[in-house]
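These are my notebook entries on one structure. I set down what I looked up, entry by entry.

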Amino acid sequence: MDNDNKKSAGGKVPTDHQLTTNSFGTDLAGYVKTEQVAKSISCQVVLYNNPKFTHFEMSKELVVRLSEIENINYYKDATGVTGNLVSIMNQCDIRIFSASAHLPALVMMLGGVGWMSGPSCLIPKTSVKLYELCKQKKW
């Protein structure tokens, strides 16, 4: 997907001064580090928000801003805060994955494209069936 086709559905992309400081660090530092990595590689990048293990929580504003980088087109969320997913999806065209094994159907109902979690590796046939049912909107 080229940058010309990437747009923020909500209008403006957050600027540096709109990125926040949270209990885990600053969004601006997270933006700079992630931007450097994304621009130095040619493959697709999946943002992974897992504050429990990374000790850094990506704000909605940070995810929206990072989605403007050409090869950042996916977001995997392990926060469990599904309201943030809706807000992110309404502001940019990044594709959402659930990282929580108990939320994939809900995330798919909200417009997510799938999930990546440990249990799906343990029960792949059941996971594929659940994915297929979700894609068919058979909730």
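**Cysteines**

I began with C43, which is partly exposed at a relative accessible area of 43%; partly exposed lies between buried (under 20% relative accessible area) and exposed (over 50%), with a 1.4 Å probe and protein chains only. C92, by contrast, is buried, with a relative accessible area of 4%. A disulfide is a covalent bond between the sulfur atoms of two cysteines. I counted zero disulfides, taking a disulfide as a pair of cysteine sulfur atoms within 2.5 Å.

**Basis of the entries**

I note that this is a predicted model, in which local features need pLDDT of at least 70 and side-chain atom pairs count only at pLDDT 80 or more, while totals for chains, interfaces and linings use all residues. Residues are numbered from 1 along each chain as its sequence is written, and side-chain values use heavy atoms, leaving out hydrogens and water.

**Salt bridge**

Side chains of opposite charge can pair when their charged atoms come close. I looked for salt bridges (a side-chain nitrogen of Lys or Arg within 4 Å of a carboxyl oxygen of Asp or Glu) and the count came to one. E35 pairs with K39, and their closest N and O atoms are 3.1 Å apart. The two residues are four apart in helix α1 (residues 27-40), so about one helical turn separates E35 from K39. Helices here are DSSP runs of H or I with at least four residues, strands are runs of E with at least two, and both are numbered from the N terminus. K39 is exposed, with a relative accessible area of 59%.

**Nonpolar core**

Next I asked which residues touch the most other members of the largest nonpolar core. They are L47, I72, Y75, I94 and I96, in a core of 21 residues. Such a core is a set of buried Ala, Val, Leu, Ile, Met, Phe, Trp, Tyr and Cys residues joined through side-chain atoms within 4.5 Å. The elements giving two or more residues to this core are α1, β3 (45-49), α3 (60-66), β4 (72-77) and α4 (82-91). The largest share, four residues, comes from α3. Leaving aside residues up to four places away in sequence, L47 touches several others, including M58, V63, L66 and I94; contact means heavy atoms within 4.5 Å.

**P119**

I found P119 in helix α6 (residues 118-122). P119 is partly exposed, with a relative accessible area of 36%. Not counting residues up to four places away in sequence, P119 touches A101 and S127. The C-alpha atoms of P119 and H102 are separated by 9.6 Å, although these residues are 17 apart along the chain.
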